[in-house]
Amino acid sequence: MKDTVKDETVTPERQVDRAQYGLAAVLAVVGAYTLVDARGLNVGFADPVGPRVFPYVIGTGMLVLAVLLAIATARGDVGEGEAGEDVDLTSSADWLTVGKLVAILVLNLLLVNVLGWAITGALLFAGCAWALGSRTLLRDLLVGAVLSVASWYFFYTALGVPLSPGILDGIL
């Protein structure tokens with residue numbers, strides 16, 4: 001007599017990541033809001049493209065991505081887990097560093113109109129570098145000053161967007 005072997009193929013259980021549906025919903029809402037809000041932009045006569053084109057493209061892209069994500073989630077596709085070798089998923093977040101960064105950002109928001117971008121940008125760079133572990137304060141302040149003054153001039157001359165000069169008004 002012949003031995004019969006049953007073909008036992010195991011079909012993988014379909015996984016549904018409901019968080020992906022939430023992300024698809026957020027993408028759809030933001031995309032729809034972008035499209036609706038773009039209708040209120042004024043169109044100039046001399047501009048053939050107009051200011052509405054980019055919000056329409058971005059809003060439509062977000063809606064398409066939301067639909068594609070919902071379809072992929074319904075099919076059972078799930079995101080790949082973190083595979084980085086330098087990431088320890090068992091360690092907790094460093095809330096002290098996060099608190100330092102939040103405090104530096106809030107301080108920048110409070111002082112930018114008074115001191116101006118050139119000064120607060122340098123302090124922002126040096127403060128964030130310090131919070132993330134740098135111990136060369138003078139170098140960080142110098143690099144921050146160069147970057148903030150250069151970005152101030154770039155915004156002012158190339159883009160025509162005046163950032164707050166603060167106490168350096170008339171010097172910059």
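In this predicted model, 59% of the contacts between residues at least 6 apart in sequence join residues at least 24 apart. The chain contains five helices and zero strands, giving the pattern α-α-α-α-α along the sequence. Of its 172 residues, 20% count as buried.

**Helix H1**

- Helix H1 covers residues 18-38, and its 21 residues should span 30 Å at 1.5 Å a residue; the end C-alpha atoms are 30 Å apart, which agrees.
- Gln 20, Ala 24, Gly 31, Thr 34 and Ala 38 are the buried residues of H1.
- Viewed down the axis of H1, these buried residues fall within an arc of 90°, and therefore line one face of the helix.
- Exposed residues lie on the other side of H1, namely Arg 18, Ala 19, Val 26, Val 29, Tyr 33 and Val 36.

**Packing of H1 against H2**

- Helix H2 (53-74) is the element against which the buried residues of H1 pack.
- On the H1 side, the residues in contact with H2 include Gln 20, Ala 24, Gly 31, Thr 34 and Ala 38, as well as Tyr 21, Leu 27 and Leu 35.
- On the H2 side, the residues that meet H1 include Pro 55, Tyr 56, Gly 59, Met 62, Leu 69 and Ala 74.

**Geometry of the pair**

- Two packed helices are described by the angle between their axes and the distance between the axes.
- The axes of H1 and H2 cross at roughly 160° and come within 8 Å.
- Because of that angle, H1 is roughly antiparallel to H2.
- The crossing of H1 and H2 is left-handed.

Methods. Residues numbered from 1 in each chain as written. Predicted model: local features only at pLDDT ≥ 70, side-chain atom pairs only at ≥ 80, totals over all residues. Heavy atoms only, no water. Helix = DSSP H or I, 4+ residues; strand = E, 2+ residues; numbered from the N terminus. Expected span 1.5 Å × (residues − 1). Buried < 20%, exposed > 50% of the residue type's maximum accessible area, 1.4 Å probe, protein only. Arc of directions from axis to C-beta. Contact = heavy atoms within 4.5 Å. Axes fitted to C-alpha atoms, helices over the stretch in contact; angles between N-to-C directions. Parallel < 35°, antiparallel > 145°, perpendicular 65-115°, else oblique. Left-handed = near helix turned anticlockwise from the far one by under 90°.
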